[in-house]
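Hi,

Here's the structure I said I'd pass on. Have a look at it first, and my notes on what turned up follow below.

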Amino acid sequence: GDVAVVVPAAGAGVRLGPGAPKALRLLDGEPLLVHAVRRTAAAPSVRMIVVAAPPADVEAVHALLSPVAPVVVVAGGAERQDSVAAALAVVPEDIGIVLVHDAARCLAPAELFERVAAAVRAGADAVIPALPVVDTIKEVAADGTVLGTVDRSVLRAVQTPQGFRAPVLRAAHAAAADLHTDDAGAVEKLGRPVICVPGSDFALKVTRPLDLALATHLLTLES
Ligand code: C5P
């Protein structure tokens with residue numbers, strides 16, 4: 001394998017309701033992070049997996065994941081991008097491709113990692129899995145007044161794993177002055193091209209309680 005995968009898993013998961021850090025919530029009896037790392041490790045291109053865990057849980061997360069796959073676990077930070085930066089810092093310079101994958105997208109299949117890695121290997125600086133937007137999207141003022149309807153044919157909902165030529169991701173993180181919600185966003189600010197590959201319904205982000213119910217059902221559909 002020529003790929004390192006960085007897994008930010010240090011978020012609290014407030015939108016999921018009270019309980020453990022999100023990556024440690026259970027789906028079919030196993031933490032989301034275990035599901036995510038199992039599928040990550042199943043991708044043949046993956047040489048190294050680095051997980052950013054809640055600082056208090058670094059040792060417990062290492063013990064949890066060791067039976068699943070060889071992993072390096074680091075302490076995450078206050079924001080998602082701090083967690084990604086902490087994990088990126090331990091990826092050796094000789095690994096040319098880095099994928100960033102949210103633990104919350106715990107059912108993203110190994111094939112999706114391969115699709116993203118292949119597009120980086122083929123020459124792209126930055127690659128994101130994306131799906132068409134199904135809802136009609138409105139731009140709305142703070143008082144609820146509709147300002148207009150966005151042309152959804154030009155919109156995409158973006159997932160992880162997002163793939164990068166390693167030096168491009170490092171430069172994007174070094175230059176990032178303000179918050180970004182995904183790593184490709186930081187690359188866009190550098191003025192570098194980002195390309196899309198087809199995403200996967202299985203790569204949904206478990207965010208709200210309904211998503212856990214959906215993910216439980218998706219587990220029964222996996223091939
Ligand atoms: O909160 P959200 O669902 O957007 O988080 C996306 C991913 O980033 C999750 O896997 C979460 O654990 C991770 N994260 C992190 N460090 C933070 C906040 C979020 O690793 N400080």
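Before I go on, a word on confidence. This is a predicted model, with a mean pLDDT of 96 for the protein. 100% of the residues reach 70 or more, and the scores are ipTM 0.95 and pTM 0.96.

Back to β1 and its partners. On one pairing, β1 runs parallel to β4, with six bridges between them, and P8 sits opposite A52 of β4. β1 also pairs with strand β6 (residues 97–100), again in the parallel sense, over four bridges. There, A4 has V98 as its bridge partner.

Those strands lead on to the core. The largest nonpolar core has 63 residues, and the members that touch the most others are V6, V7, L33, V51 and A52. Strand β4 (residues 46–53) is the top contributor to this core, giving six residues. If you want to see what L33 reaches, leave aside its neighbours within four places in sequence: L33 is then in contact with A9, A23, L24, V61 and A103.

A103 turns up again at the ligand. The ligand is surrounded by 18 residues, and the closest are P8, A10, G11, S83 and A103. Sorted by class, the shell around the ligand has eight nonpolar residues, five polar and five charged.

Two backbone details to check in the loops:

- T160 and P161 are joined by a cis peptide bond, with omega about 10°. P161 is in the loop between β10 (156–158) and β11 (162–165).
- D28 is not a glycine, yet has a positive phi of about 50°. You'll find D28 in the loop between β2 (26–27) and β3 (30–31). Is D28 buried or exposed? D28 counts as exposed because 10 other C-beta atoms lie within 10 Å, and the cut-off for exposed is 12 or fewer.

Over to you!

Methods. Residues numbered from 1 in each chain as written. Predicted model: local features only at pLDDT ≥ 70, side-chain atom pairs only at ≥ 80, totals over all residues. Core = buried A, V, L, I, M, F, W, Y, C linked by C-beta atoms within 7 Å. Buried ≥ 20, exposed ≤ 12 C-beta atoms within 10 Å, placed from the backbone. Contact = placed C-beta atoms within 7 Å. pLDDT = per-residue confidence, 0-100. Near = placed C-beta within 6 Å. Nonpolar A, V, L, I, M, F, W, Y, C, P; charged D, E, K, R; others polar. Pairing = 2+ DSSP bridges.
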